[in-house]
Every structure is written in structure tokens, then in C-alpha cells.
Amino acid sequence: MSAPAAPRPTTEAPSGAPATATATATTNATATSAATATATRRRGLLDWRVRFAILSVVWGFSFLLIKVGTEAYAPFQVALGRVLFGALALLAVLLVRRERLPRGLRTWGHLTVAALLLNTAPFSLFAYAELTIPSSLAGICNATSPLWGMALSLIALSEDRPTRRRFAGLGLGFLGVLTVLGAWHGFSGVDAKGTAFALLASLCYPVGWIYVRRTLAGTPGSPVALTGGQLMVSTLQLTLVSALFTSAPASFPLWPTLSVIALGALGTGMALQMQYGLVTEVGPTTAQMVTYFIPVIATTAGVLVLGEQLHWNTPVGAAIVLAGAALTQTRPGPRKPA
């Protein structure tokens with residue numbers, strides 16, 4: 001869904017991900033040898049293309065799971081369940097690998113900010129958004145993360161200089177957003193507040209990535225350990241917020257409860273672990289292409305499972321958004337010698 005992005009030592013700005021996503025997380029060559037060995041073992045068990053497809057489906061269905069979860073739980077509680085079960089899943093991986101959580105007050109201080117920007121805020125915003133907008137629209141809004149990242153890079157990352165092609169991608173992407181929202185009808189039929197929440201959630205991811213890039217790059221520890229620590233901090237944050245602004249659930253209905261558990265354990269925990277393996281095996285450029293399948297699956301799931309309405313401008317606008325996002329991710333090739 002994004003995603004849920006994770007703090008990782010990298011110098012390459014990632015594209016957007018699910019609210020799973022959330023999250024598209026990438027790693028670099030500083031990942032531990034244990035992670036590399038695990039990924040190597042998995043190559044023989046399951047082809048990377050199969051894992052890529054599974055990851056796309058898991059993150060695409062995350063928006064449906066959020067929608068079902070909000071039928072019984074407050075948005076803050078849905079977000080809390082997501083980070084809680086995601087943290088438990090990653091802590092189980094660390095326990096099996098016998099890896100330790102990050103150390104140092106400074107590292108945990110940065111993880112606290114990263115948790116707020118990459119988990120607590122966007123997960124809560126997406127949950128609030130889906131109270132009033134379809135899960136398919138939330139999935140499409142999530143795909144705008146690379147566009148926000150491109151816009152922010154003009155200010156925050158001077159070394160990542162945009163090209164005319166990437167500028168064109170930025171303009172094309174936001175044209176796609178206007179198409180999805182039906183701007184020529186004055187945005188009638190679209191809940192402005194819910195859509196704004198979803199777009200703001202998507203903006204949180206690149207803001208968080210920029211912060212992580214500047215503060216946690218090169219931090220000792222595997223990406224799984226850093227992400228597990230981040231989700232633990234987010235769990236504490238959302239526990240406090242939920243205690244202050246929501247009341248305890250009176251009951252625990254089966255399907256909403258299972259949706260929240262799956263959203264955390266699969267859409268956050270397992271999905272991030274699978275993404276790390278893909279990055280190690282096929283590289284971040286190929287692995288982050290999962291971003292472009294998420295809105296397609298989210299829209300399909302919303303229409304087929306939840307019976308959400310689909311108008312022509314939704315898939316057309318989504319295709320324009322994805323085309324613009326793809327252009328913003330292009331990098332200039334090496335200059336040819338004169």
C-alpha cells in the first residue's frame with residue numbers, strides 16, 4: 001500500500017508505495033550479510049516474479065482491508081492495529097535471525113520522527129480518508145507519492161536535479177489527479193476532505209524519505225531491524241493517540257478484526273520483508289515498479305469485492321498519474337564522451 005516505507009541506508013530516493021504502504025522501501029549494498037543470505041535461499045524456493053506479483057496484490061488489497069477495518073474500528077485504531085501486527089511480524093523475523101534492534105539514543109530519536117512521518121501520520125490519514133472515499137480512490141491517491149517526491153526534491157535535495165522530462169512527468173501526474181477527481185464537473189461527487197486526507201498521506205511518504213535520507217543513511221543495522229524499531233515507536237505513538245481521542249472498542253467483529261490483523265502482519269510486516277528480498281535480488285529500480293501495480297489492484301479489488309462504482313475518468317486518470325510518476329523516476333544516462 002504503501003506504504004509503509006522504512007528507514008534504510010540508501011542514497012537513492014524511492015518511488016511511492018502503499019499506504020502499504022505503504023510504503024515502498026528499498027535497501028542498498030549495506031544490508032547485512034544475513035539478509036543477503038536469506039534472499040539467496042529464497043531464490044530457489046520462489047521465483048522473484050512470483051514474489052513481485054504477491055507483493056503487488058498484498059499492497060493493492062491493503063486499501064480494501066483499511067476500508068473493512070474502519071467499519072468496526074476508529075481510524076486511529078485501524079492504524080494502531082496495522083503497526084502493532086506489522087511490528088510483531090518483523091520482530092519475529094529478527095528473533096529467528098538473532099538480530100538486534102538498533103542502538104543509540106540518537107538513532108531512536110530519528111526513528112521516532114521517521115515513524116511519525118512514514119507510519120503514524122499516513123496510516124491514520126488513509127484510514128480517515130476511507131471513511132468517506134472509496135478504497136480505489138485512496139489507492140490512486142497513494143500513487144501520487146513519486147509526484148510529491150519530485151516536487152519536494154526541487155527544494156530539499158539539490159543534488160537530485162530534475163530534468164525537463166521529470167518536470168513533464170510532474171505536470172502530467174497532477175493532470176491525472178484532476179482527471180480522477182473530475183475537475184471539469186467542479187469535483188462534484190467527490191468528498192473533498194477525504195480526498196485531501198489521502199493526498200496528504202501520500203505527501204507524508206516523500207517527506208519522511210527525505211528525512212530518513214538525511215539522518216539515517218549509513219546507520220548500523222539491517223533494514224528489517226530499523227523498520228521493526230520504527231514500527232515499535234509508531235505503535236507507542238498510536239497507542240497514546242488512540243487512548244486520548246478514541247474509546248475502547250465495544251466488540252471485535254470477525255471480518256474487520258481479521259482485516260486489521262492481515263493489514264499489519266501481511267501488508268506491513270511480510271510485505272516489507274518481501275520487498276527487501278526483491279531489492280537484494282533484482283535491485284531497487286525493478287523492485288520499486290510494484291508501485292505502479294498497486295492502484296490497478298486497489299481499484300479492481302474495490303470494484304469487485306466492495307462493489308464500488310467505477311467511472312471512466314477513474315482508470316483513465318489513474319493511467320495518467322502512473323505515466324507521470326514513471327517519468328519523474330527517470331534518471332539521465334551517462335554523458336557520452338565528446
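This is a predicted model: local features need pLDDT of at least 70, side-chain atom pairs count only at pLDDT 80 or more; totals for chains, interfaces and linings use all residues.
Residues are numbered from 1 along each chain as its sequence is written, and side-chain values use heavy atoms, with hydrogens and water left out.

Helices are DSSP runs of H or I with at least four residues, numbered from the N terminus. Helix α7 (residues 164-181) packs against helix α13 (residues 313-328) at an angle of about 165 degrees, and their axes are 7 Å apart. Axes are lines fitted to C-alpha atoms over the stretch in contact, with angles from 0 to 180 degrees between N-to-C directions. α7 and α13 are therefore roughly antiparallel, a term for angles over 145 degrees. Contact (heavy atoms within 4.5 Å) involves residues including R165, R166, G169 and L172 of α7 and V316, I320 and L327 of α13. By class, this contact has 12 nonpolar, nine polar and two charged residues; Ala, Val, Leu, Ile, Met, Phe, Trp, Tyr, Cys and Pro count as nonpolar, Asp, Glu, Lys and Arg as charged, and the others, Gly among them, as polar.

L327, in helix α13, touches R165, R166, G169 and L172, not counting residues up to four places away in sequence. L327 is partly exposed because its relative accessibility is 25%. The C-alpha atoms of L327 and P146 are separated by 9.6 Å, although these residues are 181 apart along the chain.

C141 is buried, at 4% relative accessibility, as is C204, at 12%. Buried means under 20% relative accessible area, exposed over 50%, and partly exposed in between (1.4 Å probe, protein chains only). The count of disulfides (pairs of cysteine sulfur atoms within 2.5 Å) is zero.

Note on methods: Helices (H or I, at least four residues) and strands (E, at least two) are DSSP runs, numbered from the N terminus. Angles under 35 degrees count as roughly parallel, over 145 as roughly antiparallel, 65 to 115 as roughly perpendicular and the rest as oblique.
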